[in-house]
Amino acid sequence: MWIYEKKLQMPIHIVKQDLRVAKYLVTQYGGPDGELSAALRYLNQRYTMPNKQAKALLTDIGTEELGHLEMIATMVYKLVKGATAQEMRAAGLGSHYAEHRDALFYSDANGNPWTASYIQAKGEPIADLVEDIAAEEKARVTYENLIRLTDDPELIKGLQFLREREVVHSQRFREALYLVREDMVKYKNKYEIDNVEVKDMFKDTNITPKDILE
Ligand SMILES: [Fe+2]
């Protein structure tokens, strides 16, 4: 279960409307490398992680990504707040206005709606953790791109914070990958010993499965 805390992970103080930046920023709301993708990816993959540390890590980071999603939502909402239909149209957001007015919607910077095909769950922890590391690196690059697309110091401050968190997440997934690999080696040994064909390989020797495991 989750307990909701009614405050942002980091306060956002945006006072100036900026529809063009909102159009780009929304990609971290509903784009392929955005916070929704990240949260749903990790909170789903956690079930098939092979150890408690990896399960807990995916739960922690997935939960934090929901907090980041809320920060991005606040930024986009404040950047768009009060815009007229004509202003939205002039900023390239006419299609968004037609479908959603000034409501938030999960899409990328080109207006493509969020899709579950942005995320994966292979049921194999190394494949999933490598995906997670790549996702964090892509999110980091997207934040760096967005920082270059705005000159609002408050927005830059928030985006820099989120970029730094992606760097931390990437490092933590790398640590989890290392631990899971160690577990997988043990698991693989056990699997091979239980496998009839492998047992047969040793049938004419004095070697027992116990010797190999030790
Ligand atoms: Fe992240």
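User: Where is arginine 46 found?

Analyst: Arginine 46 is in the loop between H3 and H4. Residues are numbered from 1 along each chain as its sequence is written. Keep in mind that this is a predicted model, where local features need pLDDT of at least 70 and side-chain atom pairs count only at pLDDT 80 or more, while totals for chains, interfaces and linings use all residues.

User: How do I read burial, and is arginine 46 buried, exposed or partly exposed?

Analyst: Count the other C-beta atoms (placed from the backbone) within 10 Å of the residue's own: 20 or more is buried, 12 or fewer is exposed, and in between is partly exposed. Arginine 46 has 19 of them, so it's partly exposed.

User: What does arginine 46 touch?

Analyst: Contact here is when the C-beta atoms of two residues, placed from the backbone, lie within 7 Å. Skipping residues up to four places away in sequence, arginine 46 touches Lys55, Leu58, Thr59 and Gly62. Also have a look at aspartate 128: it sits 82 residues away from arginine 46 along the chain, yet their C-alpha atoms are separated by 9.4 Å.

User: Let's zoom out. How many helices and strands does the protein chain have?

Analyst: There are 10 helices and 0 strands. Reading along the sequence gives α-α-α-α-α-α-α-α-α-α. The chain has 214 residues, and 30% of them are buried. Among contacts with a separation of 6 or more, 75% are between residues 24 or more positions apart.

User: Which residues of H3 are buried?

Analyst: H3 covers residues 35–45, and it's mostly covered, with 8 of its 11 residues buried. The buried ones are Glu35, Leu36, Ser37, Ala38, Ala39, Arg41, Tyr42 and Gln45. They pack against H2 (27–30), H4 (52–80) and H7.

User: How do I describe the way H3 packs on H4?

Analyst: H3 and H4 pack at about 160 degrees, with axes 8 Å apart. That makes H3 roughly antiparallel to H4 (over 145 degrees is roughly antiparallel, under 35 roughly parallel, 65 to 115 roughly perpendicular, and the rest oblique). The crossing is left-handed, a label for a near helix turned anticlockwise from the far one by less than a right angle, with clockwise being right-handed.

User: Which residues meet between H3 and H4?

Analyst: Glu35, Leu36, Ala38, Ala39, Tyr42, Leu43 and Gln45 in H3 meet Leu58, Thr59, Ile61, Gly62, Glu65, Leu66, His68, Leu69 and Ile72 in H4. By class, this contact has 10 nonpolar, 4 polar and 2 charged residues. Nonpolar covers Ala, Val, Leu, Ile, Met, Phe, Trp, Tyr, Cys and Pro; charged covers Asp, Glu, Lys and Arg; the others, Gly among them, are polar.

User: And at what angle do H3 and H7 cross?

Analyst: Roughly 165 degrees, with the axes coming within 11 Å. So H3 is roughly antiparallel to H7, and this crossing is left-handed. Ala38, Arg41, Tyr42 and Gln45 in H3 meet Asp128, Asp132, Ala135 and Ala139 in H7. Those residues divide into 4 nonpolar, 1 polar and 3 charged.

User: How far apart are the end C-alpha atoms of H7?

Analyst: The expected span of a helix is 1.5 Å times one less than its number of residues. H7 (residues 125–148) has 24 residues, so it should span 34 Å, and its ends are 35 Å apart, which agrees. H4 has 29 residues and should span 42 Å, which agrees with its end-to-end 42 Å.

User: Which residue has a positive phi although it is not a glycine?

Analyst: Most residues other than glycine have a negative phi. Here arginine 101 has a positive one of about 50 degrees. Arginine 101 sits in the loop between H6 (94–100) and H7, and it is exposed, with 11 other C-beta atoms within 10 Å. Glycine 82, which follows H4, has a positive phi near 85 degrees.

User: Is histidine 96 buried or exposed?

Analyst: Histidine 96, in helix H6, is buried because 23 other C-beta atoms lie within 10 Å. Leaving aside neighbours within four places in sequence, histidine 96 is in contact with Met88 and Gly111.

Notes. Helices (H or I, at least four residues) and strands (E, at least two) are DSSP runs, numbered from the N terminus. Axes are lines fitted to C-alpha atoms, for helices over the stretch in contact, and angles run from 0 to 180 degrees between N-to-C directions.
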